[in-house]
Amino acid sequence: MDPKRLSSSSQQQVRLRQKRTKREWRPLEDRSCTDLPWFLLFTVFCVGMGSICGFTIVTGGAARLVFGYDSYGNTCGQRNEQIEGVRLSGLDHTDRKFVFFLDPCNIDIVQRKIKSMALCVSLCPTEELKTYQDLKRFAMVNGSELCSYELAAHRYPVLEQRTTKCPKLPVPPSKPLPVFNRCTPVDISCYARFAEAVVTFVGDNSVLHRLIAGVAASKEIIIGLCVLALFLSMILMVIIRYISAVLVWILTSLVVLGSLAGTSVLWWLYIDYRLYGNDTSSKVLKEAKEEVEVTRDSGQALLVYAVAATVFTIILLLLMLFMRKRVALTIALFHVAGKVFIHLPLLTLQPFVTFFALLLFWIYWILVLLFLGTTGNPVQNEETGLTEFRLTGPLQYLTWYHAVGLVWISEFILACQQMTVAGAVVTYYFTRDKNRLPVTPILSSVLRLVRYHLGTVAKGSFIITLVKIPRLILMYIHNQLKGKENACARCMLKTCICCLWCLEKCLNYLNQNAYAATAINSTSFCTSARDAFVILVENALRVATINAIGDFVLFLGKILIVTTTAFAGVLLLNYQRDYAEWLLPLIIVCLFSFLVAHCFLSIFEIVVDVLFLCFAIDTKYNDGTPGKEFFMDKALMEFVESSRRLERAVERGRSRVKEVASEGAEIKPMMFAPGRVRRIKNQKPGGCHILYVCPSATPNNQPKKNCRETKNNQI
């Protein structure tokens with residue numbers, strides 16, 4: 001092969017590589033679709049989810065759920081077809097629109113369902129019926145027969161089957177549910193056992209009633225406190241950049257002081273044991289030798305704890321010493337993140353949009369799941385003799401498909417939020433003149449996501465699904481086998497669950513950075529994940545510092561919002577003298593405030609992570625020279641300048657050390673035989689002496705041609 005052609009081709013490859021490097025980490029104007037096969041696969045999967053809903057509607061499962069059905073397979077409120085092998089099926093229930101349970105308090109705690117026989121009736125009893133005569137009179141007056149269809153209403157009091165085919169006496173007054181047409185008792189005291197199974201801490205109905213009464217009496221205060229938590233979360237996202245420095249250094253000081261104090265206490269306890277433990281041991285030795293062994297074990301345990309705490313404290317102090325510069329980077333990133341929310345105020349609406357999207361999907365998913373529970377072939381329950389509808393054969397896997405859809409689509413919605421936030425932050429960071437930002441960067445990011453990157457989001461969310469589903473299955477197995485498995489199996493299950501949880505968290509973090517890389521490069525998921533991983537590995541210490549300190553600062557922010565809301569709740573609820581009624585309202589307010597704070601500060605955390613990735617890319621490919629100007633904000637620029645000044649100072653110190661070392665190498669001490677050193681010239685201005693070393697003496701003390709001139713600073 002011609003070497004010139006080879007060299008020209010290699011030069012062309014180098015130029016292409018350099019061109020690619022220059023374009024690689026920049027927000028491209030000409031974007032392209034990424035991971036299109038995964039977008040098609042996700043579309044097909046969503047079509048399958050919709051087909052399940054259509055199947056339940058066509059086969060009558062949705063109608064049976066909404067209108068209800070009796071224990072013979074008849075749907076209330078419509079004409080039914082005969083079911084083969086099921087007696088009293090195929091009845092016309094056009095006038096019977098409500099489901100009535102003969103014993104509504106007969107609830108299966110494990111399966112969470114009513115085991116009583118169900119009938120379709122035309123009217124729910126609105127007053128208590130104490131005798132069978134009352135049942136007869138209610139049926140004759142209202143035309144609503146509350147016993148089984150084959151029993152004549154006028155013979156209710158004398159029929160032998162009345163104990164099994166008629167409702168349990170007394171029949172409590174009931175009213176129909178607004179949508180689902182079930183007759184439910186007005187007094188829910190018969191559901192106390194079911195409530196105890198769900199709410200285990202309630203052991204007394206009076207306590208439950210008092211708690212519910214407290215919530216009902218304080219509903220306006222609860223709503224006001226929830227709005228307060230929402231307002232505080234939005235304010236904290238803006239002002240956290242002003243208090244982040246104080247929080248970070250307070251946190252660092254507390255951690256260092258806490259570790260030093262804990263180590264000191266452990267050593268004090270060990271020294272105290274060594275000083276006074278021997279006397280105690282000598283006394284105990286006369287009583288029992290076993291107690292002496294216990295005392296010795298305690299001393300050894302204290303020594304181990306003290307040594308471990310000392311090692312931990314030393315490592316912590318060294319980490320704080322070497323990572324103090326990176327703490328300043330965390331503060332700078334928090335400062336810039338606060339500016340992002342000022343320039344992009346619509347970011348604060350992202351938690352609302354994501355929450356409502358998830359809420360709508362979860363409602364749809366639960367409805368379809370309930371439809372599946374009333375879909376399938378009629379099967380007679382061997383235990384109760386009632387007719388139920390179950391999916392049989394291959395159709396039973398529809399539930400599993402539906403369960404996978406819950407995880408994948410939920411993760412997809414969350415990933416869309418991450419991609420949207422990342423796209424807006426990338427646009428902000430790589431726009432030098434912030435006054436020239438797009439009018440709606442959030443909307444532009446959403447449009448780019450929908451047009452180009454839905455496949456990337458689908459692929460990333462599917463990877464999380466592959467890890468989350470096995471973890472959920474193992475958790476379900478662990479709960480089902482609780483108290484039945486041996487210690488080894490329980491330990492293995494918990495270990496697997498913990499490992500899968502850690503893997504899921506790591507993949508979530510990598511996915512988030514991959515979405516940011518896609519927003520910058522418009523590359524596929526795998527390419528973006530690889531590029532982001534390389535950047536993160538190159539800045540591993542910075543990543544560790546930001547995640548450790550930043551996450552704890554955000555956690556402190558959540559605690560601040562919760563405690564402030566709870567304190568305001570205590571002040572507002574102070575008018576109620578029954579302090580037991582404070583419990584449930586305060587719990588509701590605290591849970592809601594923590595949830596709101598978590599949603600908002602998770603957006604702040606995403607912004608910080610994306611800013612760090614952009615900062616790392618900016619410092620890697622730009623150096624501030626003409627043509628390679630930085631994109632970063634002034635706060636980050638100050639951090640870079642201070643880091644460079646520190647690096648220059650360190651380099652100057654190293655160069656001085658090298659000069660001294662090189663001079664020292666030249667003046668290594670030499671051993672001469674007596675009489676060999678002929679003459680030492682006068683000291684030069686630099687502080688050196690010139691030493692003539694000759695093999696033998698010469699006349700007039702003149703050096704020979706083969707004499708060596710040696711410098712010596714120490715003569």
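Reader: How much area does the nonpolar surface patch with Leu 370 have?
Author: This is a predicted model, with local features needing pLDDT of at least 70 and side-chain atom pairs 80 or more, while totals for chains, interfaces and linings use all residues. Residues are numbered from 1 along each chain as its sequence is written, and side-chain values use heavy atoms, without hydrogens or water. A patch takes residues with over 30% relative accessible area and no salt bridge, joining nonpolar side chains (Val, Leu, Ile, Met, Phe, Trp, Tyr) within 5 Å and like charges within 9 Å. Leu 177, Val 179, Phe 180, Phe 355, Phe 356, Leu 359, Ile 363, Ile 366, Leu 367 and Leu 370 make this one, with an area (Shrake-Rupley, 1.4 Å probe, only the protein chains shown as cover for residues) of about 830 Å².

Reader: Which residue does Lys 468 meet in a salt bridge at 2.6 Å?
Author: A salt bridge puts a Lys or Arg side-chain nitrogen within 4 Å of an Asp or Glu carboxyl oxygen. Lys 468 is in helix H13 (residues 441–480), and its partner, 57 residues apart, is in helix H12. Both are buried, and the partner here is Glu 411.

Reader: Which residues are in the salt-bridge network with Lys 468?
Author: The whole structure has nine salt bridges. Some of them form a network linking Lys 468 with Arg 471, Glu 504 and Glu 411.

Key: Helix = DSSP H or I, 4+ residues; strand = E, 2+ residues; numbered from the N terminus. Buried < 20%, exposed > 50% of the residue type's maximum accessible area, 1.4 Å probe, protein only.
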